[in-house]
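Hi there,

Here is the structure I promised to pass on. Please have a look at it first, and then read on for what turned up.

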Amino acid sequence: MYAPGVNSSTNLSYNNDRPPSAEAVEMASDPASGGFFNSDYKKHDDLKQMLDSNKDNLKLEAMKRIIGMVAKGREASDLFPAVVKNVVSKNIEVKKLVYVYLVRYAEEQQDLALLSISTFQRALKDPNQLIRASALRVLSSIRVTMIVPIVMLAIKDAAADMSPYVRKTAAHAIPKLYSLDQDQKEELIQVLEKLLSDKTTLVVGSAVMAFEEVCPDRIDLIHKNFRKLCSLLVDVDEWGQVVIINMLTRYARTQFTDPNVNEIDEEEENKRPFYEDEDDGDESQPEKRAPSLDPDHRLLLRSAKPLLQSRNAAVVLSVAQLYHHTAPKSEVNQVSKAMIRLLRSHREVQDIVLTSIAAIATRRKSMFEPFLKSFFVRTSDATHIKLLKLEILTSLASDSNVGIILRELQTYVAAHDPPFVAAAIQAIGRCASNIKEVTDTCLNGLVSLLSNKDQAVVAESVVVIKKLLQTQPSAHREIIIQMAKLVDNVSVPQARASILWLLGEYSERVPKIAPDVLRKMAKSFTNEEDIVKLQVMTLAVKLCLTNPKQTKLLCQYVLQLAKYDQNYDLRDRARFLRHIVFPGDAGAGGATRLSKQAKKIFLAPKPAPVPESQFKDREQFQLGSLSHYINTKTNGYQELPSFPLEAPDPKARDVETAPEIAEEAPLFTKKVSSKNKASFYSDSESPDDESEENSSDEEDDDEEEEEQSNSEKDGEESDTEDEESSEPEEAPKVKKIESSKAKPKKEVVLDESDNDEESEESSSSESGSESDTEDDSSEPEKAPRKAAAKPVKPSTTSTPAKSKKSNLDLLLELDDVPAFTPVMTPSLGGFLTPMTTPSTAVKTQLFPDIQPASAVISPKSTSELLNKINSGGLEIKYRFTRAPHLYSQSMTSVELTFHNHSPEELTNIRIGDRPTSGDISIHEFAAISALLPGSSIMGTLGVDFADSTQPVNFEILIDGEKSCPVALKAPVGELIRAATMSEEHFLKQQNNLRGMHENNAKFSFPKSCQDLRGLSNRILTTANLGPISSSDSTTLRFAAQTLSSRSIVLVSLQSGDNQNVNLTVNCEKMVIGSMLITQLKACLTD
């Protein structure tokens, strides 16, 4: 232990607080000591001494302590003179910390900071990039108009710096200078344009941030950088991703047309008058159709989609708002799972995400219906989180799930959180109002709550019942009587007012009870709350008009009491009502026009209230913004623009590199083409011949280097690399094989590969495959490449052409390139099978150790899809064949058996409406023109379940008119396809899929079989799995891939001690893995 007041050097160096020896300072910090009124000139004296010393280690230690004080929020501005002197220190570490301090206090101590401007200017040329960036940061933090030119020159120099970190700092300095002097806007825009064209991910996010601060309306600066921003989006830091996505959302709303214009028009079509001329609607229909999605629009959505897996909640939410505001309706559902994942985050994140989900659910209910249980309230949730979840649950309520929601709400009523209980009762009322089928059930449940011991529950139930009774009051006279009996017991003003309003509005249904209630309320009128007094006066007037014999005197008495009430609203209301009901008493001299119409005024039928979500009006704000969260426009909020009716010219986003290629082309036309070249190309194509031969002549000296580079190439070359290398290499290598014999078969393969590459380029923008990673520079080069490739086709009949086209090296490279041509496989349908898409081929190329296999067991059991009673005689049964579908490998093949049980012939049997939600798609069976009575026919249906276990709903049309809705649900074992791999690769993949991707179950051997081999048939019958050879006799292994996403599914069965079996399922899709192990365990334990 150290003695008081004594401290070692070690303790002193790590102590960020005041030194213990400064006892006067410690006493001055006590408010009772009067330290607020005394100046202590020895404050931080030891730090000042350390900063003035000649030893760098003492200066460094002092700066660490000072920065520690600043980080804790303590005041350290009095050390500014001592710190700023060390800006000339030669020690890099000291200088870095000095700049950190100066950035914090330069704005407060501007005069002292100006004395060191020359030092900052010298530091801008420092060899260390951190020093250059720190100097610029300090300069831009000095808020003095006098140094604006100096800061502008520093920003221009930093924008051209070799270091990306310095250029990033320059982008941060632009908004600071703009806020200091807005006259510099034009010069700053020039610098900003240069920074926006930067291809470094470290700079792009900061440049876009500066763009949003300085000139967010200059969309022309984004045109040429749009595709580059999309391609770099995944690699930018998380803060930059949020800024870029928000900016690109507004850009997309101004440059692309509305992809959902058809859906909007359908809603308007439903609102048209019934007798409106149908011809006019038919003529205008084609004009309103939504155009095809722009390739750049598709590029933006495809580039942002991977960010849904980001660990940063702000990034995920920004992608969600991008899809919500700009994506087609069928693709917006892709963000729902990512938003649900954010609900596992901190309470603050949950609040923002639930607010966004509540706003989305008002328009797109189907997005979050599959995740209904994620919005069930937990006891650990805060009150505001509970209220948001209740709002979402009521918005998602539909005929199919309202039973689940009402059971959940019923348990919430017994909670101990009064605001939450009140909201739960209101949610029950909203469900009852929106779904007529459960109105009576909800009303009976609310009436049972009237006997609850909790006054708050009773009061809220009364208010909700009052709103529900307005929909059909005649059918619920008993409820009105029961509520009238609660007047003596309920003390909540809002509930008492609701009961009085009901009695007055429907007094003719309870003629004996209403006057008696008015009598009781007249006695306690002076002690009631204002809201109750207003309803007492209203009840008195209504009863006076309908039953004047019993209530006229009571009405006069109540109005007389209100005339002298302290509340001026009550006094004014009393005078107003007296003039209408009793014109003679008010001195009007007889009945007035108002008094004659009194019954029509007070007893007019009133429409029932329509409960609406409080988030319905937030669509005007951008999702996830502060304005959207508080439902009020804030300072700095930028309005989300509307989609244009016609898209602007997309050529503005093209990068102009084609003229440069055209200028360089004549450099390769020095020699005349050879005879062999002349025989290969026609006369009209001579310029291309010359350019190719000249390029070959120039590269003859570098053939060895080219061959070495070709040997290092792999099968995943980009289009840009092909364009740069294939044309110069073609001519010299043709010379080498001129003497060799032509091989027509190889030449055909080469031509097809060229054609496939062209088709890949043309279809990549439409398919949106993830394998398409073209950058801006490759797109202008496509035109000359295609133009050069076209003349090859008509010359395939000549023998010399074949010998030249059979480039040996290129043919060898074809073995590494994924083949995109059709494969004649009997199981896949031969040439009837559509061409494999590039994304699928590349994906299978990435996993060469995993090969698809045919199903070991094909189930024979069938299930009923359509009942003969519901369809008028047509019965449809289905079974899963586990064979690849001819249309798409991602589809499940379903064999349908149609049988006509009716005495009449059924005609034109086909599929009607198909599902439009998510990625689910259907390839319909061939339409059945006629089905005779008692006959059967089979058909094949292809369904892409998109790795979802949700049923697919569609319609079967009979005779072209009768519609029969059906639902097809696939067991999880039919959503996978058998695969085979080596045992080593199986174990490797299993190790990679641990944690949440692994599911385990343990059970005993069933009585019917006592070894693992007996369980193998059960597993293969239940799920489409492929057996894996195992060196361990106590373990069975199976593998498969999901049909849609090709995710790996691994199943292992291991026998343990005491006749126990361990079942393990590893799958990238956690939901599929969990459901599969449940299904397998059920079949193995039967």
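This is a predicted model: local features need pLDDT of at least 70, side-chain atom pairs count only at pLDDT 80 or more; totals for chains, interfaces and linings use all residues.

H29 covers residues 493-505 and H30 covers residues 513-523; their axes come within 10 Å and cross at roughly 140°. That angle makes H29 oblique to H30, and the crossing in which H29 passes H30 is left-handed.

H29 has another partner in helix H27, which spans residues 455-469. Here the axes come within 8 Å and cross at roughly 30°. The two helices, H27 and H29, are therefore roughly parallel to each other. H27 also passes H29 in a left-handed crossing. From H27, the contact draws on Ala-459, Val-462, Val-463, Lys-466 and Leu-469, while H29 supplies Gln-494, Ala-495, Ser-498, Ile-499, Trp-501 and Leu-502. Sorted by class, the residues of the contact between H27 and H29 are eight nonpolar, two polar and one charged.

Now for the chain as a whole. It has 1086 residues, of which 46% count as buried, and its secondary structure comes to 50 helices and 16 strands. Taking the contacts with a separation of 6 or more, 67% are between residues 24 or more positions apart.

Which residues touch the most other members of the largest nonpolar core? They are Tyr-101, Leu-102 and Phe-375, in a core of 204 residues. Leu-102, for one, touches Phe-80, Val-84, Val-87, Phe-120 and Val-138, leaving out residues up to four places away in sequence. Another core, of 29 residues, lies apart from the largest one; Ile-928, Ile-956, Ile-958 and Ala-970 are among its members. As a general background, nonpolar side chains tend to be buried together in soluble globular proteins.

Two individual residues may also interest you, Glu-331 and Asn-999.

Glu-331 sits in the loop between helix H20 (313-326) and helix H21 (336-341). Is this residue, Glu-331, buried or exposed? With a relative accessible area of 12%, Glu-331 is buried, because the cut-off for that is under 20%. Not counting residues up to four places away in sequence, Glu-331 touches Arg-298, Leu-301 and Tyr-323. Glu-331 and Asp-919 are 588 residues apart in sequence, yet their C-alpha atoms are 7.6 Å apart in space.

Asn-999 lies in strand S12, which runs over residues 998-1004. Asn-999 is buried as well, its relative accessible area being 17%. Leaving aside neighbours within four places in sequence, Asn-999 is in contact with Leu-1063, Thr-1064, Val-1065, Gly-1073, Ser-1074 and Ile-1077.

Best wishes

Methods
Residues are numbered from 1 along each chain as its sequence is written. Side-chain values use heavy atoms; hydrogens and water are left out. Axes are lines fitted to C-alpha atoms, for helices over the stretch in contact, and angles run from 0 to 180 degrees between N-to-C directions. Helices (H or I, at least four residues) and strands (E, at least two) are DSSP runs, numbered from the N terminus. Angles under 35 degrees count as roughly parallel, over 145 as roughly antiparallel, 65 to 115 as roughly perpendicular and the rest as oblique. A crossing is left-handed if the near helix is turned anticlockwise from the far one by less than a right angle, and right-handed if clockwise. A nonpolar core is a set of buried Ala, Val, Leu, Ile, Met, Phe, Trp, Tyr and Cys residues joined through side-chain atoms within 4.5 Å. Buried means under 20% relative accessible area, exposed over 50%, partly exposed in between (1.4 Å probe, protein chains only). Contact means heavy atoms within 4.5 Å. Ala, Val, Leu, Ile, Met, Phe, Trp, Tyr, Cys and Pro count as nonpolar, Asp, Glu, Lys and Arg as charged, and the others, Gly among them, as polar.
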